[in-house]
Amino acid sequence: MMKACVVYDSFFGNTAKMAEIIGANLIERYEVQIISVNQLKPVVLKDLQLLVVGSPTRGFEPTKPIKNVLQNIQAVDFPHLQIVCFDTRMDIKKINNKILNFFVKFRGYALDSMEKIVKHNGFSIIHPGMGFFVDESEGPLGEGEEKKAGQWAHKIMRIAIKVK
Ligand SMILES: Cc1cc2nc3c(=O)[nH]c(=O)nc-3n(C[C@H](O)[C@H](O)[C@H](O)COP(=O)(O)O)c2cc1C
């Protein structure tokens, strides 16, 4: 059976929850491991076909541990690996703060940096990443975001398997 791993970082549990939902859906097609970034060991990446990486957006960026993990995975070392990213973030449309809107326009979200690193390391983005909204910094997740995560996981599966 193909192997997938969902690696996440999380301060308040929202990104962890998304990782769990995504992992639970991937089980249909993959042997799945869901791992907090602090517990990730290199051996997990061996023989892995799909790596899903999730980070909270903190200061327009992914967390440092997530960035470190992504920076250390080169396509030349993992020719059969596909990487897909997601983040959690605030909905700036709901906050509607002019200064924040300005910064987000230039700095973006964790997902932007994550996909940039992945591409830089030689991977092609087989499936566009996803941002999931939290209502407040600590959560809860926005309405409908859990369902969105399940649907997103199914789309990843369809595309990942086609590309193989
Ligand atoms: C210090 C700090 C910085 C943050 N910066 C951003 C940001 O730049 N953009 C954004 O959309 N959300 C930002 N947030 C909200 C986080 O994205 C939110 O706390 C996170 O998605 C929750 O996920 P977690 O429960 O997995 O930690 C920030 C929150 C904190 C506490």
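1. In this predicted model, strand β1 (residues 3-8) and strand β2 (residues 31-36) pair in the parallel sense, and six bridges connect them. Within this pairing, Ala4 stands opposite Val32 of β2.

2. Tyr8 stands opposite Gly54 in β3.

3. As to overall architecture, the protein has six helices and five strands. Read from the N terminus, the order of elements is β-α-β-β-α-β-α-α-α-β-α. Among contacts between residues at least 6 apart in sequence, 77% join residues at least 24 apart.

4. The overall dimensions may be considered next. A compact globule of 164 residues would have a radius of gyration near 15 Å, and the value for the protein, 15 Å, agrees with this. The C-alpha trace spans about 45 × 30 × 30 Å along its principal axes.

5. Which residues are the closest to the ligand? They are Ser10, Phe12, Asn14, Thr15 and Thr88, out of 19 residues that surround the ligand. The elements that give two or more residues to this shell are α1 (14-26) and β4 (82-90). By class, the shell has eight nonpolar, nine polar and two charged residues.

6. A further point concerns Val163, which is located in helix α6 (residues 145-163). Is Val163 buried or exposed? Val163 has 10 other C-beta atoms within 10 Å and is therefore exposed, the cut-off for that class being 12 or fewer. Leaving aside its neighbours within four places in sequence, Val163 is in contact with Gln82 and Ile126. The C-alpha atoms of Val163 and Ile126 are separated by 7.6 Å, although the two residues are 37 residues apart along the chain.

Note on methods
Residues numbered from 1 in each chain as written. Predicted model: local features only at pLDDT ≥ 70, side-chain atom pairs only at ≥ 80, totals over all residues. Near = placed C-beta within 6 Å. Helix = DSSP H or I, 4+ residues; strand = E, 2+ residues; numbered from the N terminus. Nonpolar A, V, L, I, M, F, W, Y, C, P; charged D, E, K, R; others polar. Rg over C-alpha atoms; globule rule 2.2 N^0.38 Å. Contact = placed C-beta atoms within 7 Å. Buried ≥ 20, exposed ≤ 12 C-beta atoms within 10 Å, placed from the backbone. Pairing = 2+ DSSP bridges.
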